[in-house]
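This report examines selected features of one protein structure. Please keep the sequence and the model in view while reading.

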Amino acid sequence: MSNNSNERTPKPNRSLGRKIIISVIAILIILAVSISFLGYRYFQEALKPMNPQNTNVTQVHIPLGASNKQIGSILQNKKVVKSGMVFDYYVKSNNMSEFRAGYYQLKPSMSLKTIAKQLQKGGSDQPIQSTKGKVLVREGANIDQIATQVSLTTDFSKQNFISVMKDQAFMEQLEKSYPKLLGSAMKAKQVRYRLEGYLYPATYEVKKNTSLKSLVNQMVAKTNQVLAPHYQQIKKTKLTVQQFMTLASLIEREGVNQTDRRKMSGVLLNRIDINMPLQSDVAVLYAIHRNNKQLTTKDLQSNSPYNLYKYTGFGPGPFDSPSISSVQALLHPLDRSKNYLYFVANTKTRKVYYSKTYEEHQQQIAKHASNN
């Protein structure tokens, strides 16, 4: 018998492999087309306004030296454009450049093209109010509290306000305008804010196109106006304006009525005379960045120069914005000749008790402990 030389080994099904390859390529093409289409639609949508119905103004700050990509991210984060990436691509593809730093009033209803043109024109060198508002500075409010109030009732953010408070060049401009008021404040060491105590408690109208620095200037000007008739008398106290406003700010938060404010003024001045720490809870609360909370032993040991339990003297400066009532109380203290060095208030009756010695003071504290 002989082998069958006509038998052959089966060959792979080449047509099946070809079909699979073609199918994969087709799927990839479809995906590519779909992605391109979706990408094109996304790009076209991103060119349109973020929200055509939203005409509320958003204040946007573009820092000096920001790149197109960084500007796009800022605009997206502020929710005035849909995509920072699309903004970057758009301005590059349209050869738009030379965007200028500053503060801009932008709206979600603006198109990307409109926003880009605005950025080329340039913004303000400081925040600008876009809608009419009012700011109430309450008696005894500190700068952090005022900054919060400003952010709630105007287009300016809290950080905008704090940035102005730390603007040394602006502080120097104000000192030139109000040398009697701010001369000693500018010389003070370790201050948290130069203008603490100098933003007078009142209601301020913030009109359209009012700058934040203009608003602050109004507050300082009002303080200068209130103190102007008293500068000569303050000088006779042998206190600097900074020292005077520091004591007035303590009295503002401690005092219940005008008579007590005047008596407390006498206590504080008596302590200063004998180089005794002022030991004010108001000062410690400011030192530890808190308001109206019970103090602990640890709080009283804070190393802040504002802690007047630990350090003698006036500390760096004021703790809040005092009213004219506290200024007048300090100019006309009561009962200094009685040599009072302590006071404690009954928080229920709101009556204040004064003592000459620490022993008497402790007796008063024990006596009114149940109400406090």
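## Basis of the model

The structure is a predicted model, in which local features need pLDDT of at least 70 and side-chain atom pairs count only at pLDDT 80 or more, while totals for chains, interfaces and linings use all residues. Residues are numbered from 1 along each chain as its sequence is written, and side-chain values use heavy atoms, with hydrogens and water left out.

Helices (H or I, at least four residues) and strands (E, at least two) are DSSP runs, numbered from the N terminus. A residue is called buried under 20% relative accessible area, exposed over 50%, and partly exposed in between (1.4 Å probe, protein chains only).

## Buried residues in helices

In helix H6 (residues 158–165), the buried residues are Asn160, Phe161, Ile162, Val164 and Met165. An α-helix has 3.6 residues a turn, so residues three or four places apart point the same way.

Leu182 belongs to helix H8 (residues 179–187) and is buried, its relative accessible area being 2%. Beyond its neighbours within four places in sequence, Leu182 is in contact (heavy atoms within 4.5 Å) with Leu174, Glu175, Leu195, Tyr198 and Val220. Between Leu182 and Arg194 there are 8.6 Å in space, C-alpha to C-alpha, and the two are 12 residues apart in sequence. Thr246, in helix H11 (residues 241–254), is buried at 0% relative accessibility. With neighbours within four places in sequence set aside, the contacts of Thr246 are Phe314, Gly317, Pro318 and Phe319.

## Salt bridges

How many salt bridges does a search of the whole structure find? The search finds 6, where a salt bridge is a side-chain nitrogen of Lys or Arg within 4 Å of a carboxyl oxygen of Asp or Glu. Side chains of opposite charge can pair when their charged atoms come close.

One of these salt bridges joins the side chains of Lys132 and Glu205 at 3.5 Å, N to O. Lys132 lies in the loop between helix H4 (112–121) and strand E3 (133–136), and Glu205 in strand E4 (residues 203–206), so this pair ties together parts that are 73 residues apart in sequence. Lys132 is exposed at 63% relative accessibility, whereas Glu205 is partly exposed at 35%. Another salt bridge is formed by Asp167 and Lys213, whose closest N and O atoms are 3.3 Å apart. Because Asp167 lies in the loop between H6 and H7 and Lys213 in helix H9, the pair ties together parts that are 46 residues apart in sequence. Both residues are partly exposed: Asp167 has a relative accessibility of 22% and Lys213 a relative accessible area of 21%. In a further salt bridge, between Lys338 and Asp335, the closest N and O atoms are 3.9 Å apart. Lys338 is partly exposed at 39%, and Asp335 is partly exposed at 22%.

## Positive phi angles in loops

Where does Lys79 lie? Lys79 is found in the loop between helix H2 (68–77) and helix H3 (84–93). Although Lys79 is not a glycine, its phi is positive, at about 60 degrees. Lys79 is exposed, with a relative accessible area of 57%.

Asn339, a residue other than glycine, also has a positive phi, near 60 degrees. Asn339 is located in the loop between helix H15 (324–331) and strand E5 (342–346).
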